[in-house]
Amino acid sequence: MLGKLITGLTTTQLEIIEGPPAGHIFLEGPAGCGKTTTGVERLARLLESGVRGDSLLVLVPQRALGKPYYDVLHTPGLAAGGLPDVVTIGGLARRMVELFWPLAAEKAGFAHPEAPPTFLTLETAQYYMAHLVRPKLAEGFFETVVIDRNRLYSQIIDNLNKAALNDFDHTEIGERLKSAWVGEISQLRVYDDAQQCANIFRQYCLEHNLLDFSLQVEIFYRLLWQAEPLCQQYLKRTYHHLIADNIEENPPVAHQILQDWLPDFDSALLIFDQQAGYRVFLGADPGQASELRRFCERQVLFSESFITNPSLKSLEEALQRVLQPEKNPALPASLETPGDPSLALSYSQARYYPQMLDDITDRIADLIAQGTPAGEIVVLAPFLSDSLRYSLTYRLEAAGIPARAYRPSRALRDEPATLCLLSLAAIAHPDWQMSPRKEDFTLTLLQALDGLDLVRARLLADSVYRLKEGKPVLESFAQLPASKRERITYRIGEVYDRLRDWLENAASGPVEPLDHFIARLFGELLSQPGFGFHADYKAAEVTANLIESVQKFRWVAGEPLQTEGIPLGREYLQMVQDGVIAATYVHSFQEVVAEAVFLSPAHTFLMQNRPVEYQFWLEIGSRNWFERISQPLTHPYVLSRRWEKGRSWTQSEEERTSRESMTHLVTGLIRRCRGQIHLGLSQLNEQGFESRGPLLHAFDRLLRNLPEIEGGPV
Amino acid sequence: MNLPDNFVFSQGNLQDYVDCKRRFQLRYIERRSWPAIKAEPALVHEEWMQLGARFHRMVEQALSGVPAEQINVSPEDEKLSLWWRNYLSLHGKLTGIENAPEEELSFFPELTLSAGVGGYRLLAKYDLIVITSAGQLVIYDWKTSVKRPRREWLADRLQTRVYPYLLVRAGQTLTGGLPVPPEKVSMVYWFAGYPDDPERFPYNQPAFERDSSYLEGLINEISGLEPTQFTLTDVLQQCTYCQYRSLCDRGTRAGEFTGEEAEGTLAELSDLLFDLDTIPEIGYD
Ligand code: SF4
């Protein structure tokens, strides 16, 4: 394995990979120059050389970025021994808090330090936040804010996370936001409200042994790492070698821990991706990451890309000069990359959006006809709307081109299988008084009974479903007039009666947790022959996700609800209806289909870290390449350790940071391209308006200087 | 070759294969969710598994240096309190190392070892490995089953073969590079509910050779099967506690939770908890 990967490596890469298991190296360079390959090979080499696997720590900012390391650890040819830990800072925090809970619980101020901790997921944290903030909304909190309530809850959670990741007190959130604000005075009240809600939530967590992400990080960093010798000793005794990849995507607390810990590692390899930091919105601090180079004895710079060619490189430089002239002054011709940017870029323009899509489809078809594999082509836009996804996939498929669009998974609550399971649960628990609407019951039957069509589902629902004193009642099939029974068919009637009997039995039996009820409903009935989930893997996956969501909810909220006499199942259904939970759907994996054109939002493609031959960029005129989404309760830059307290966030700051993130984004995309980038331009956008955002202006200026490029003036 | 790239074998998935080829295919190759109830009463089953996981965590805390007196169990958790008292009453004198002075022992709690076998990786997560100054390597596995399983049942489990075998193959990482002679390895099952009745399995060269060819053969067999050759088990008893029973048309209701069979599922729960450990907040990780 090692031999195969070793082929094609540079001397400097080999030097790092084969170096002794001692010393600290800071390795930096742009994307695509072989830094992660070096890290992965270094890991394999350390294991080959007899370093204990369990003494090796691999730190990555996001689980997906650990994949190359996991892959090498699963290769059969790797030396036998212990397994290194591949973790994120959040994962490490959670593990340490669990392990050293008895030492930290009391100091952290938990009301029941003798009882075990309850870790909250994003979903259950959102539930508690909603539970605590809802009464405040009734009191007039956030009156001037016009966003969906659930976004409001998640921004308060986000503020707490930012405080923990930047190591400032959560009680400073409001003041920091207020002191930077320069607009309408009414916004100050919103920040006060956000602060109060954060305080209430934190207090509630301490009273009930609940640990959201922010408390896990805070306890790990402040109470364990900084103040509990046993924890530090444990970590330092366990890990002697470190590989930390993409450190620019990590938050300040991770950098501070690395800085403190570095002298104790026998060997360390810190990998820094220049001009990245795509997770600033999640607390990443590339500036502080780059300062870690001072704590390493050796600094290595990889500058040569294994991916891009000189033309792309000079396109990247030319674009950077246009986007951020102050940071990228023109170089004397002798120092410029010798490539010709016009070879790296092409564009086509049309007046109307659909014409542009037709043109893109033709170009992709040409590339494929010339032998480019479909998997080597991506179509990128700052935001992938449903209609763009549909119109382009439709065109590509009609042209016989395999295509796959990145699909933000459908929310669990919007899945037809979820509707079916929760409606049946509501019918089996009439006391919850959560009767499904007739239309929902029709859809439930459509899902539950195999071979039923919409017409007969409607007829059956109309005939058997009643509400009696507000509670749902199901009539038996046998009670229907013969004419109806015949239209519905006796086969369907028989299966329906089995469903009805099962629900009746469940309703009269002992009350059981909702997740167990659903598992039983699935196993004993819906997945049996004759029912709609039989041999249906997709429905089974949705059911499994739903059960997991309910189970986590029960483990966290079960006891308090029981104390208040509120049925857990009813509360869960209520929360689903309010969009508080089951709003996200965590898949096992969204595998990249190798042989299909990939349609994706630009950021998503970037985080996949997968270079391709051709990129098509659409909607260049959109301001979404430039502007961050509006978040009235939070602020990614102000709530960071770098932001000086009391300094105002002005329009020019907004402009500067937006330009900077856009430059990073387009640079990152170019660095993940091997062949050519094509711009699909249309005078009118998808909505029929002209849009001329900053990226379009930049290309406009750039293209004026590239007269030979395919196309014409933008 | 039908297995996904870089497929990893463990005692858990090999045991599943031996129990039912189809279950192995559904669970590990096709990765099919099929969320039916495994054992009844479901709540009792779940609570037992959670208690087992909590007990494992407490022992890990103690072995990681947390003073035992600071590890609390509420007296209302009767079962857990009893198990914990049983553990503490050992005073570190575990079977197999009773006479060794503590300062001469090296403890490796919650260790994962792996090695290549038959063109794939075989992996095991150990509760505890202790090495004595005389070079003995003792594997401990904490069992929290309701009933104390019979020796024959344990001897038959893949775990009893995979754990010592893998320690011989990969244990040099713990011995400063010195090879691990099979004779120096033993495996002890310690039952939290039956503290004075542990089960010890010594190991030796012939057993190592037997396991080596058995495991290699098993892995070769699995990787050589065509998708249609993953047949349903003939032992219908296996289906009683299997979540795929409705998919295979092997019944509707789950079997009664008796305890002995919980061992396999406990391993799954700790796998689950292990996975959850590494999945913090969405977005932040
Ligand atoms: S139900 Fe029976 S046959 Fe089917 S996978 Fe499970 S054990 Fe195998």
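Start with the whole structure: a search over all chains finds 71 salt bridges. A salt bridge here is a side-chain nitrogen of Lys or Arg within 4 Å of a carboxyl oxygen of Asp or Glu. This is a predicted model, in which local features need pLDDT of at least 70, side-chain atom pairs count only at pLDDT 80 or more, and totals for chains, interfaces and linings use all residues. Residues are numbered from 1 along each chain as its sequence is written, chains are lettered from A and ligands numbered from 1 in the order in which they are written, and side-chain values use heavy atoms, with hydrogens and water left out.

Select A:Asp273 and A:Lys35. They form a salt bridge, with the closest N and O atoms 3.5 Å apart. The pair links distant parts of the chain: A:Asp273 is in strand β8 (residues 267–273) of chain A and A:Lys35 in helix α3 (residues 35–48) of chain A, 238 residues apart. Helices (H or I, at least four residues) and strands (E, at least two) are DSSP runs, numbered from the N terminus.

Now colour chain A by domain. The bounds come from an automatic or database domain assignment. It gives domain 1 (2–94 + 228–301), domain 2 (114–213), domain 3 (310–410 + 590–703) and domain 4 (413–578). The C-alpha centres of domain 1 of chain A and domain 4 of chain A lie 50 Å apart.

Next, show chain A and chain B together. Contact means heavy atoms within 4.5 Å. It takes 70 residues from chain A and 60 residues from chain B. How many salt bridges cross the interface of chain A and chain B? The rule finds four. For one salt bridge, select B:Arg57 and A:Glu98, whose closest N and O atoms are 3.1 Å apart.

Several elements of chain A each supply at least two residues to the side that touches chain B, including α5 (89–99), α8 (149–165) and α25 (537–564). Pick α25(A): with 10 residues, it gives the most to that side.

Then find β3(A) (81–82). Two bridges join β3(A) to strand β3 (residues 106–117) of chain B, and the two run antiparallel. Strands pair if DSSP finds at least two bridges between them. Select A:Gly82: its bridge partner in β3(B) is B:Leu113.

Two backbone stops remain. Go to B:Pro41, in the loop between β2 (39–40) and α3 (42–63) of chain B. The peptide bond from B:Glu40 to B:Pro41 is cis, with omega near -10°. Last, select A:Phe142, in the loop between α7 (122–138) and α8 of chain A. A:Phe142 has a positive phi of about 55° although it is not a glycine.
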